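Please examine the sequence and the structure shown below.

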Amino acid sequence: LPMSAQAHRAWLAPTSTVLSGTDAWVGFDAGMSNGVFIADHAAMNLAGLVITAPDGSAAQPENMIRARYRSSFDLHLTQAGTWKVANVSSGLTATYMENGEQKRWRGQAAEFPGAIPAGATDVVATRVSNRIETFVTLGAPTDTVFTNPADGLVLIPVTHPNDLAAGEAATFKLSNDGLPAAGVEVTIARGGTRYRDNPEEMTVTTGADGSFTVTWPEPGLYWLNATVRTPAQGDTVAANAQYVAVMEVLS
């Protein structure tokens, strides 16, 4: 899972987010580190990379490499409008006791019923979903890539993520499994901490409809992160959902 290193912050950072012309190229770096956008811990596994073009079609990365501290690729923007670049994963984790020893299992939900030994006890299963994404726009912004899948934690823009300016407020909504994610704490951090004495972070909490508002203090590349943990209820398993977005704020 791309965000399995919980002590570190996962990020997917574009070289540009707003471009002009009839076509353009954007580069991306993806990694996990203590400070956002600082490639010093581990490269991100991009097995779940999904790129959506403005017309809804799937696009492919080019020149993909995985180095020691970061994964990189290029994207050729051949359509006008907003593109979504996301690294998505989901699955199930479980712990159980067998012959007095605690064991762990991880895989897909469909594999779970046959994966746990018949004599196992104290089985605790958790559904896990992770989404790390960013957006780039060629020409005028569009909203065709903003969908609300019924699985995991997702961002639904009210303010377009490629129309952000320092000193201005932007509003977004979080949805979890297709429903408003209320009371969720969202952490927002600006990049460039390597050259500052103190990290610039702020937190906001979503309202009853899942919405939250951010007033950007300065231009720069920002990292947004939210986590929702849902305990098991009845026949349903517990769920952990994480969401990360990277957005550029212009002056």
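Is E133 buried or exposed? E133 is buried, because its relative accessible area is 2%, where buried means under 20% relative accessible area, exposed over 50% and partly exposed in between, with a 1.4 Å probe and protein chains only. This is a predicted model, in which local features need pLDDT of at least 70, side-chain atom pairs count only at pLDDT 80 or more, and totals for chains, interfaces and linings use all residues. Residues are numbered from 1 along each chain as its sequence is written, and side-chain values use heavy atoms, with hydrogens and water left out.

**The chain as a whole**

- The protein chain has one helix and 19 strands; helices (H or I, at least four residues) and strands (E, at least two) are DSSP runs, numbered from the N terminus.
- The radius of gyration is 19 Å, close to the 18 Å that the globule rule gives for 251 residues, so the protein chain is as compact as a globular protein of that length. The radius is taken over C-alpha atoms, and the globule rule is 2.2 Å times the number of residues to the power 0.38.
- Taken along the principal axes, the box filled by the C-alpha atoms is roughly 65 × 40 × 40 Å.
- Of the 251 residues, 47% count as buried.
- Among contacts (heavy atoms within 4.5 Å) with a separation of 6 or more, 65% join residues 24 or more positions apart.

**Strand β11 and its partners**

- Strand β11 covers residues 121-138. In this strand, 13 of the 18 residues are buried, so β11 is largely enclosed by the rest of the structure.
- β11 pairs with β9 in the antiparallel sense over 16 bridges; two strands pair if DSSP finds at least two bridges between them. In this pairing, N87 stands opposite I132 of β11.
- Nine bridges join β11 to β19 (residues 238-249), and these two strands run parallel. The partner of V128 in β19 is N240.
- β2 (residues 18-19) also pairs with β11, in the parallel sense over two bridges. Here L19 has L138 of β11 as its bridge partner.

**Two residues inside β11**

- E133 lies in β11. Leaving out residues up to four places away in sequence, E133 touches residues including L12, K84, L155 and Y243.
- T134 also lies in β11 and is buried, with a relative accessible area of 0%.
- Beyond four places in sequence, T134 touches L12, P14, F28, W83, K84, V85 and V246. A polar atom of the T134 side chain lies 2.7 Å from the backbone oxygen of V246.
- The C-alpha atoms of T134 and V26 are separated by 12 Å, although these residues are 108 residues apart along the chain.

**The hairpin of β9 and β10**

- β9 (residues 81-98) and β10 (residues 101-107) run antiparallel and are joined by seven bridges. One of the paired positions is A94, whose partner in β10 is W105.
- The two strands form a hairpin with two residues between them, and N99 in the turn has a positive phi of about 55°.

**Positive phi and an aromatic pair**

- Most residues other than glycine have a negative phi.
- F37, in the loop between β3 (24-33) and β4 (42-43), has a positive phi of about 65° although it is not a glycine.
- D177 is found in the loop between β13 (169-176) and β14 (179-180). D177 has a positive phi of about 55° and, at 29% relative accessibility, counts as partly exposed.
- The whole structure contains six aromatic pairs. One of them joins W11 and F37, whose ring centres are 6.0 Å apart with planes at 75°, so the pair is edge-to-face. Rings of Phe, Tyr and Trp (its six-membered ring) pair if their centres lie within 6.5 Å; planes under 30 degrees apart count as stacked, over 60 as edge-to-face and the rest as tilted.
- W11 lies in β1 (residues 9-14) and F37 in a loop, so the pair ties together parts that are 26 residues apart in sequence. W11 counts as buried at 2% relative accessibility.

Definitions and conventions:
Polar contact = N/O pair within 3.5 Å; in protein donor to acceptor, adjacent residues only side chain to side chain.
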